[in-house]
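Visitor: I would like to go through this model with you and ask, for each label put on it, what the label rests on.
Guide: Then let us set each value beside its definition and see what follows.

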Amino acid sequence: MKVVDVRTKTDDELKTQLGDLTKEAFNLRFQQATNQLENTARMRAVRRDVARIKTVLVQKAADAAK
């Protein structure tokens, strides 16, 4: 996911996607703990996507506060 894609979405869409990614991160951690995780790079991608979404949400909130 690219930052440009994240910035074009509404706050509600971002919050929904953030919830989905959080659930996916939990499932990936669980799979890793039970040695069932095949694609370990997906954990890193999900973490970074969560960080991107959180950053954009904070930036949008700061812009709205001005």
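Predicted model: local features only at pLDDT ≥ 70, side-chain atom pairs only at ≥ 80, totals over all residues.

Visitor: Why is Gln17 called buried?
Guide: Buried requires a relative accessible area under 20%, and Gln17 is therefore buried, with a value of 18%. This residue lies in helix α2 and, not counting residues up to four places away in sequence, touches Met1, Lys9 and Ile53.

Visitor: How do you know that the length of α2 agrees with its number of residues?
Guide: At 1.5 Å a residue, the 23 residues of α2 should span 33 Å, and because the end C-alpha atoms are 33 Å apart, the two agree. The expected span is taken as 1.5 Å times one less than the number of residues.

Visitor: How do you know that the span of α3 agrees as well?
Guide: Helix α3 covers residues 41-65, and its 25 residues should span 36 Å at 1.5 Å a residue, while its end C-alpha atoms are 37 Å apart, which agrees. The buried residues of α3 are Met43, Val46, Asp49, Val50, Ile53, Val56 and Leu57, and they pack against α1 (3-8) and α2 (11-33).

Visitor: What makes the packing of α2 and α3 roughly parallel or roughly antiparallel?
Guide: α2 and α3 pack at an angle of about 155 degrees, with their axes 9 Å apart. Angles over 145 degrees count as roughly antiparallel, so α2 is roughly antiparallel to α3. Their crossing is left-handed, and the residues that make the contact include Asp11, Leu14, Gln17 and Arg29 of α2 together with Arg42, Asp49, Ile53 and Lys60 of α3.

Visitor: Which residues of the largest nonpolar core touch the most other members?
Guide: Of its 13 residues, Leu14, Val46 and Ile53 do. Both α2 and α3 supply at least two residues of this core, and α3 gives the most, with six residues. As for Leu14, once its neighbours within four places in sequence are left aside, its contacts are Val6, Lys9, Ile53, Val56, Leu57 and Lys60.

Visitor: What makes the phi of Asn35 worth a remark?
Guide: Asn35 takes a positive phi of about 60 degrees although it is not a glycine. Most residues other than glycine have a negative phi.

Visitor: What of Thr40, and how do you know whether it is buried or exposed?
Guide: The cut-off for exposed is over 50%, and Thr40, with a relative accessible area of 53%, is therefore exposed. Thr40 lies in the loop between α2 and α3, and its C-alpha atom is separated by 8.5 Å from that of Leu28, 12 residues apart along the chain.

Conventions. Residues numbered from 1 in each chain as written. Heavy atoms only, no water. Helix = DSSP H or I, 4+ residues; strand = E, 2+ residues; numbered from the N terminus. Buried < 20%, exposed > 50% of the residue type's maximum accessible area, 1.4 Å probe, protein only. Contact = heavy atoms within 4.5 Å. Core = buried A, V, L, I, M, F, W, Y, C linked by side-chain atoms within 4.5 Å. Axes fitted to C-alpha atoms, helices over the stretch in contact; angles between N-to-C directions. Parallel < 35°, antiparallel > 145°, perpendicular 65-115°, else oblique. Left-handed = near helix turned anticlockwise from the far one by under 90°.
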